[in-house]
Amino acid sequence: MYQVRTCVGCRQRGNRADLIRIVNSQGFLKIDTQKSLSGRGSWLHLSSKCLETAVERSAFSRALKANMDHEQVIELTNFIEQAEKMLKN
Ligand SMILES: [Zn+2]
């Protein structure tokens with residue numbers, strides 16, 4: 001099934017399967033790998049560029065009403081870089 005979601009980074013729409021979901025879990029941002037956690041969620045392309053844009057625009061804080069600290073940004077960056085590598089191989 002094709003479900004369309006909007007990326008918080010580039011604001012382009014994409015297939016739900018191609019985006020990762022990030023949720024506000026008790027005030028902390030969490031990568032929802034199963035895309036099944038309840039609560040407020042934001043969608044992001046598996047792309048370091050989109051992440052960068054989203055961080056610059058404070059898109060997560062605004063969309064999810066959660067603060068994103070430096071460690072969370074690093075964690076997300078690592079996650080996306082790993083995933084990008086896997087997709088290339
Ligand atoms: Zn994007």
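Visitor: How are strand 3 and strand 5 joined?
Guide: Strand 3 and strand 5 run antiparallel, with 5 bridges between them. Keep in mind that this is a predicted model.

Visitor: Which residues of strand 5 stand opposite L19 and I20?
Guide: L19 faces H45. I20 faces L44.

Visitor: Is strand 5 largely enclosed or open, and why?
Guide: Strand 5 is largely enclosed by the rest of the structure, because 4 of its 5 residues are buried.

Visitor: What's the strand order in the sheet?
Guide: The order is 4-3-5. These 3 strands make an open sheet, and the pairing is antiparallel.

Visitor: Which strands sit at the edges?
Guide: Strand 4, residues 28-32, and strand 5 are the edge strands. Each of them pairs on one side only.

Visitor: How much are neighbouring strands turned against each other?
Guide: By 35° on average, ignoring direction.

Visitor: Now the other pairing. How many bridges link strand 3 and strand 4?
Guide: There are 5 bridges, in the antiparallel sense. Strand 3 covers residues 19-25.

Visitor: Is Q26 buried or exposed?
Guide: Q26 is exposed. It has 7 other C-beta atoms within 10 Å, and the cut-off for exposed is 12 or fewer.

Visitor: How far is Q26 from A66?
Guide: In sequence, they are 40 residues apart. In space, their C-alpha atoms are 8.5 Å apart.

Visitor: Switching to helices. Which residues of helix 1 are buried?
Guide: C50, L51 and A54 are the buried residues of helix 1, which spans residues 48-56. They line one face of the helix, because they fall within an arc of 100° seen down its axis.

Visitor: Why would residues three or four places apart point the same way?
Guide: An α-helix has 3.6 residues a turn, so residues at that spacing point the same way.

Visitor: What's on the face turned away from the buried side?
Guide: That face of helix 1 carries K49 and E56, both exposed.

Visitor: What do the buried residues of helix 1 pack against?
Guide: They pack against strand 5 (41-45), helix 2 (59-64) and helix 3 (70-88).

Visitor: Let's stay with helix 3. At what angle does helix 1 pack on it?
Guide: The angle is about 160°, and the axes are 9 Å apart. Helix 1 and helix 3 are therefore roughly antiparallel. The crossing is right-handed.

Visitor: Which residues meet there?
Guide: From helix 1, S48, L51 and V55. From helix 3, V73, L76, T77, I80, E81 and E84. L51 is also one of the buried residues of helix 1.

Conventions
Residues are numbered from 1 along each chain as its sequence is written. This is a predicted model: local features need pLDDT of at least 70, side-chain atom pairs count only at pLDDT 80 or more; totals for chains, interfaces and linings use all residues. A residue is buried if 20 or more other C-beta atoms lie within 10 Å of its own, exposed if 12 or fewer, and partly exposed in between; C-beta atoms are placed from the backbone. Helices (H or I, at least four residues) and strands (E, at least two) are DSSP runs, numbered from the N terminus. The arc is that of the directions from the helix axis to the C-beta atoms. Two residues are in contact if their C-beta atoms, placed from the backbone, lie within 7 Å. Two strands pair if DSSP finds at least two bridges between them. Axes are lines fitted to C-alpha atoms, for helices over the stretch in contact, and angles run from 0 to 180 degrees between N-to-C directions. Angles under 35 degrees count as roughly parallel, over 145 as roughly antiparallel, 65 to 115 as roughly perpendicular and the rest as oblique. A crossing is left-handed if the near helix is turned anticlockwise from the far one by less than a right angle, and right-handed if clockwise.
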